Each structure stands twice: as C-alpha cells, then as structure tokens.
Amino acid sequence: MAYSDKVIDHYENPRNVGAFEKGDESIGTGMVGAPACGDVMKLQIKVGADGRIEDARFKTYGCGSAIASSSLVTEWVKGKSLDEALTIKNTHIAQELALPPVKIHCSILAEDAIKAAVDDYRAKKPVTAKH
Amino acid sequence: MRLPIYLDYSATTPVDPRVAEKMIPYLTEFFGNAASRSHAFGWKAEAAVEEARAHVAALIGADPKEIVWTSGATEGNNLALKGAANFYKTKGRHIVTQKTEHKAVLDTVRELERQGFEATYLDVEPNGIVSLEKLKAAIRPDTILVSIMMVNNEIGVIQPVWEIAELCKKKGIIFHCDAVQGGGRVEIDMTKFKADLLTITAHKMYGPKGIGALYVRRKPRVRIEAQIHGGGHERGFRSGTLATHQIVGFGEAARLARAEMATENERVRALRDRLWKSIEDMEEVYVNGDLERRIPHNLNVSFNFVEGESLIMAVKDIAVSSGSACTSASLEPSYVLRALGRNDELAHSSIRITLGRFTTEEEVDYAAQLIRRKVEKLRELSPLWEMYKDGIDLNSVQWAAH
C-alpha cells in the first residue's frame, strides 16, 4: 500500500507526542478506539485562561495513518477555542493526509478524539468563566 | 549489505541461480512439446521432464510415477481435495481439516461443503499443533478424507502428520497433506510417511513460480477425479502441455534441496536462534506457535502494545509480513493467531520473519537491531504501553468499539 508523503512525514516525525502531567485541571483527555480494532488514540488538550487550546499531546496505537491523523490534529487544535476545535472534521483530516478509503476510519477516530478531549475538559469545568 | 533485506522466505524464495541456468536452454533451444512423440524436439523435452520427475520423487522418497505436475500449490490442493472427495463420495461425505490450514485448503473444503459434503474444522492447541485425540474424536463412520498441513505457513509449526497418516491408514480414510512449507525444509520419505496425497511447490524451494506437484500414492492405489480435462497428459490426472522449463527448474531445485537440506537447515537454525536471542529479552515479546516443533526458518513474534502494520512500516528496510490484515479493507487480525487463542492485541501486533538460503548473519543482526529500535519508538507512541506501565489491566477498560 502506498502512503502519501504527508502520512509518512507525520509517521516518521510525529508532532507533540507524549502526555501532560496527571492531575492538571487545565487538561482535557480523550481516549477513543479499541485494541481489538487495532487503533487506540489518546489526545490531550491544555486549555489556557483565555479558553483557547495552548498545547496538545497525543499517543496512538495503530497503523501509520492513525498515527499521522492524531499527530496532525495536535497541530491543528493549537490556538483554537474549544468550539473552533470541534469544527475540525474527519473529511478535512482525510483530505489533508490523502488517506485512501480503507483508512478513512483513522480520520474519524481523530475527530472523535477531539470531541472526547473537549467533553472531558468541559466535564471537569462545568462553569465556563465569563470575561 | 543491500537494503531492503528479504526476510519473507515463506512467501516465496528467489530462484537459485543454478536453477535459473538449467532452465534457460529449455525456453530457447529445447523448446519442444514433451507430448510430441514424432521427433527429437519432443523426445528431448520428454527426457528432461522425466529426469526432473525423478529428482522431485527422490526428494520425497517417492516413485516417479507418483508425481503429477500442477501449476502450483493451490491447484495441487484443489486437485487432491476435490479429486478425492468426488471419487470417494459414494463411501461417505465427511471431511476433516483444521482451522489453521492455508486458504487453498480451507476455501476448497468450503466449496466442497457447497457441493453437499460436510466438514469439521478442528481447533489447534495454544502452541498451534493439532491434537491427535481431537482428530480421532472428529472422525465419523462416513469420513472419507482428512487434510492436515505439514508446516503452517504463518507460524512454522510442524504438525504430527506422520501419526495422522498412520491413523487414517488404519481407518481406511484418504489422508491429504499440504507440505508446501515443508518441501525442501523437512525430510519427507513417502516409503515411511503414509499420506495418500501430498502437495508441494517449486517456488518455496528456490525453484520458479507456476509449477508444483501432487504426489498420488500407487501402493495401495489412491484414486482421484481429474479437475482439468484435455489431452490426457499426466496419465489423465492433469491435462495441459507441460511447461518444460518450469519442470526442469523444479527438478533442479529439488535435487539441490535434497543434497543441501541438512547443512542448510543447521545454518538457518543458527541464524534464527541468533535473531530470537537478540530480541527475546525485550519486555512483552511473545513467540507465536511452538518454538521446538517448528521449521528452523520461521520466527513469528508479537510485540505487545505495538500495532503490526505500523511496525511493518517502521521496519521497511526489512521485508517481513504481518499477521495483521489491516492492510486490506478488513480489520481482522490473522485467523491463524486467533486460532491459537491469542487475544486481539497480540494478534494485531505480530510479524512473521522467515529466513532462507541467502540470509546472512549480518542481515539478521541488522534486522534485530532495527526491530528493537522501532518497537521502542512505537511503544513511546503507544497509549496502551503507557497504561501497561501504569499498571492498568487493559482487559478492565471499557473500550468504545468502532
């Protein structure tokens, strides 16, 4: 199977790999997928006082396309508000990485990971600070 | 050392240069049709075909008259199973095989089921070996055919086919053995091995692709129905003009295999053990299938918490295959590893490394270091590895399946 150059780039030089320190209130963590299906993505977002995503981290168990999709998403969410981050769709990810049809599920998983991370953050901070 | 390094000898082997050299004159100079009885071109081709038949027969301790040329292993398995089932169908309609057979056997048995036969697919033990007791228990009064492979293509384990052959002989059941991965690698002597039908192919023993052989026992005589009809070649078992150059190549490959098998197996075993020794101290590494009852060429390992396809991509300087079928549209892991009872994670995390005649120590060392480095890198990326390191039991996690 032939991977696009962008998939190979993200796979060989993944951006923002790792995890934030546990117990930090400003972190939202989303974990999606299942080992049985061959993909598990963990995406973390660090939200600043202004409500924008300052930083992101990921770890992914899965094929090259799954790793590339999550790596790309960590770059894209940075600087966005939570609502803006939620506008990132799997079609954007699939298009950017030129994923073949059998790998579309990787981009869907990455979109789900953003939603899960935002939900987790919002669940921790039920009251949104007004400025 | 040239990259990428070929470590997929169970998929196919390169044609040995000595074999290729023998084949070439039969394409250009001695191009006659072996069935042409009226001139020297035909006689020359026929003599070459019969010489090759003698070499292939000698490799497995058979009579040359027991060798039927086929286009390869898939045809050989089809001819054996469909041929025997259809010939003996008035005696009974039940077939016994196992879940870890190659698709060429499984899909053929499925087709026979569609034609009205009944089949039992035996489970294997966690080490990949089929249990003789379970096989015995599966045999019914109307069982006419048993098919068990000699060597599994994915995990390299050697099945107790010698004992199974004795059992079938006692019960008057036809026994077919797919010996594709065993031919040229395991000593086979049909004077002692009581199988009735045996499939082998050239391209797994440094011969060309597109040529194989089916052994059909003559004493006592085993009958099969032909599947390809035409000019009555191969005593009616398999019509079609013989591919002289391919057959000559198979013959030479078999001659070399017979002469060199013992020393080659020792050399390959030392390399395989060296490879395993240099990765076995890693954490959460598992050999799939019995390590003792196994051909020396095969190492199939699972690196827990690393996904197989990404590992294959990471080690692209070595040509190996993955037990994970994620490369296709399906997300199913290897059915062979699932049959061993491996969980999904381990089945998804496996790679098959198969060594052969041209593998060197330098290549094996390079492969081992590359695998170690890349597995470590991918584990740094793996949330499952992180959870494992944090002491979380992955089976206790509620995963959102997708």
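## Exercises on a two-chain predicted model

The contact between the chains takes 24 residues from chain B and 25 residues from chain A, where contact is defined as C-beta atoms, placed from the backbone, lying within 7 Å. This is a predicted model, so local features need pLDDT of at least 70 and side-chain atom pairs count only at pLDDT 80 or more, while totals for chains, interfaces and linings use all residues. Residues are numbered from 1 along each chain as its sequence is written, and chains are lettered from A and ligands numbered from 1 in the order in which they are written.

**Exercise 1. Work out which helices of chain B each supply at least two residues of the side that touches chain A, and sort that side by class.**

Step one: the helices are H9 (308–314), H11 (344–348) and H13 (383–389) of chain B. Helices here are DSSP runs (H or I, at least four residues) and strands are E runs of at least two, numbered from the N terminus.

Step two: sort the residues on that side of chain B, and you get twelve nonpolar, six polar and six charged.

**Exercise 2. Describe how H4 and H5 of chain A pack.**

Two packed helices are described by the angle between their axes and the distance between the axes.

Step one: H4(A) (residues 90–97) and H5(A) (residues 104–124) pack at an angle of about 130°, with axes 8 Å apart. Axes are lines fitted to C-alpha atoms, for helices over the stretch in contact, and angles run from 0 to 180 degrees between N-to-C directions.

Step two: the pair is therefore oblique, given that angles under 35 degrees count as roughly parallel, over 145 as roughly antiparallel, 65 to 115 as roughly perpendicular and the rest as oblique.

Step four: Asn90(A), Ile93(A) and Ala94(A) of H4(A) make the contact with Ile104(A), Ser107(A), Ile108(A), Ala110(A) and Glu111(A) of H5(A). By class, that's five nonpolar, two polar and one charged residues.

**Exercise 3. Check the length of H3(B) and of H2(A), and list what is buried in each.**

Step one: at 1.5 Å a residue, the 20 residues of H3(B) (residues 40–59) should span 28 Å; the end C-alpha atoms are 29 Å apart, which agrees. The expected span is 1.5 Å times one less than the number of residues.

Step two: the buried residues of H3(B) are Ala45(B), Ala48(B), Val49(B), Ala52(B), Arg53(B), His55(B), Val56(B), Ala57(B) and Leu59(B). Their cover includes helix H2 (25–28), strand E2 (67–70), strand E8 (212–216) and helix H8 (244–277) of chain B.

Step three: H2(A) (residues 64–77) has 14 residues and reaches 20 Å from its first C-alpha to its last, close to the 20 Å expected. Twelve of the 14 residues are buried, so H2(A) is largely enclosed by the rest of the structure. The buried residues of H2(A) include Ile67(A), Leu72(A), Val73(A) and Val77(A).

**Exercise 4. Where is Phe305(B), and is Phe305(B) buried or exposed?**

Step one: Phe305(B) is in the loop between strand E10 (298–303) and H9 of chain B. Phi is near 75°, a positive value in a residue other than glycine.

Step two: with 27 C-beta neighbours inside 10 Å, Phe305(B) counts as buried.

Methods. Contact = placed C-beta atoms within 7 Å. Nonpolar A, V, L, I, M, F, W, Y, C, P; charged D, E, K, R; others polar. Buried ≥ 20, exposed ≤ 12 C-beta atoms within 10 Å, placed from the backbone.
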